[in-house]
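Please keep the sequence and the model in view while reading.

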Amino acid sequence: MTDALENLLQHLSDELGATLRTARLDRGELTVELSREGFSAACLLLRDDAACAFDLLVDVCGVDYSAYGEGLWEGPRFAVVYHLLSLKHRQRLRVRIFADDDLPIVPSVVEVWAAANWFEREAFDLYGVLFDGHPDLRRILTDYGFVGHPFRKDFPLVGTVEMRYDADQGRVVYEPTRTEERVVVPRIIREAGEGRYNARNQ
């Protein structure tokens, strides 16, 4: 399998040129990073080229690297990762593309792999990544009036509003939260602090 992936990597290097920014073959998995310029054409090549034949898009996910490596990350904050599968060659490929920090936009691949439609909507909803050319880019998991993107590392863990369905009004309403903020301490730490954990293990 490693030989086949090395051959694939060489083929991609020859065909994609400068669009292929970096590539990494590790633990039997090939990951390539593509530039935004030429990204759409590269995706078409990955699907249609006989040596690639990645006809199945398995997943699309957003990534927020702002807290990666305990804050030591120095690259762009947002990325989108595509997981591809070639049924013909029985190979998998991971494709990553970075987006700008201030306004993360990447080209949509819905025209290449139709399965990307809802995956891209999910990445937009949870990470705020915009997909240029998407036919229906709107929230898919959160409410339409939701503010923010909950998978971003800077999204607050404790909210100030809650939503519920009001039968009298026949719609979803927002209200201030009624719960008090509290610090959750895992049980194992609580017990250790009280001495019971140590006593049980003597």
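Thr 142 is in contact with Asp 125 and Pro 150, leaving aside neighbours within four places in sequence; contact means heavy atoms within 4.5 Å. Thr 142 sits in the loop between β7 (130–132) and β8 (161–166). Helices (H or I, at least four residues) and strands (E, at least two) are DSSP runs, numbered from the N terminus. Thr 142 counts as buried because its relative accessibility is 17%. The cut-offs are under 20% relative accessible area for buried, over 50% for exposed, and partly exposed in between (1.4 Å probe, protein chains only).

The model is predicted: local features need pLDDT of at least 70, side-chain atom pairs count only at pLDDT 80 or more, and totals for chains, interfaces and linings use all residues. Residues are numbered from 1 along each chain as its sequence is written, and side-chain values use heavy atoms, with hydrogens and water left out.

Which side chains make polar contacts with the side chain of Thr 142? Those of Asp 125 and Arg 139 do. A polar contact is a pair of N or O atoms within 3.5 Å; within protein, one must be able to donate a hydrogen and the other to accept it, and residues adjacent in sequence count only if both atoms are side-chain atoms.

| Side chain | Partner | Distance |
|---|---|---|
| Thr 142 | Asp 125 side chain | 2.6 Å |
| Thr 142 | Arg 139 side chain | 3.1 Å |
| Ser 108 | Glu 120 side chain | 2.7 Å |

Beyond four places in sequence, Ser 108 touches Glu 120, Phe 131, Asp 132, Gly 133 and His 134.

Glu 122 belongs to helix α3 (residues 116–127). Is Glu 122 buried or partly exposed? At 29% relative accessibility, Glu 122 counts as partly exposed. Not counting residues up to four places away, Glu 122 touches Val 60, Ile 140 and Leu 141. From Glu 122 to Arg 138 the separation is 16 residues in sequence and 8.7 Å in space, C-alpha to C-alpha.

Next comes helix α1. Spanning residues 2–16, α1 has 15 residues. Its first and last C-alpha lie 21 Å apart, close to the 21 Å expected at 1.5 Å a residue; the expected span is 1.5 Å times one less than the number of residues. The buried residues of α1 are Leu 5, Leu 8, His 11, Leu 12 and Leu 16. Seen down the axis, they fall within an arc of 120°, so they line one face of α1. That arc is taken from the directions from the helix axis to the C-beta atoms. An α-helix has 3.6 residues a turn, so residues three or four places apart point the same way.

Cover for the buried residues of α1 includes β1 (20–26), β2 (29–34), α2 (39–48) and β5 (91–99). The face turned away carries the exposed residues Asp 3, Asn 7 and Asp 14. Gly 17 follows α1, with a positive phi near 60°.

Now the whole chain. The protein chain has five helices and nine strands. Along the sequence they run α-β-β-α-β-β-β-β-α-β-β-β-α-α. Of its 202 residues, 34% count as buried. Among contacts with a separation of 6 or more, 47% join residues 24 or more positions apart. The protein chain exposes about 13,000 Å², and carbon and sulfur atoms supply 51% of it.

Technical notes: Accessible areas come from the Shrake-Rupley method with a 1.4 Å probe; for residues, only the protein chains shown count as cover.
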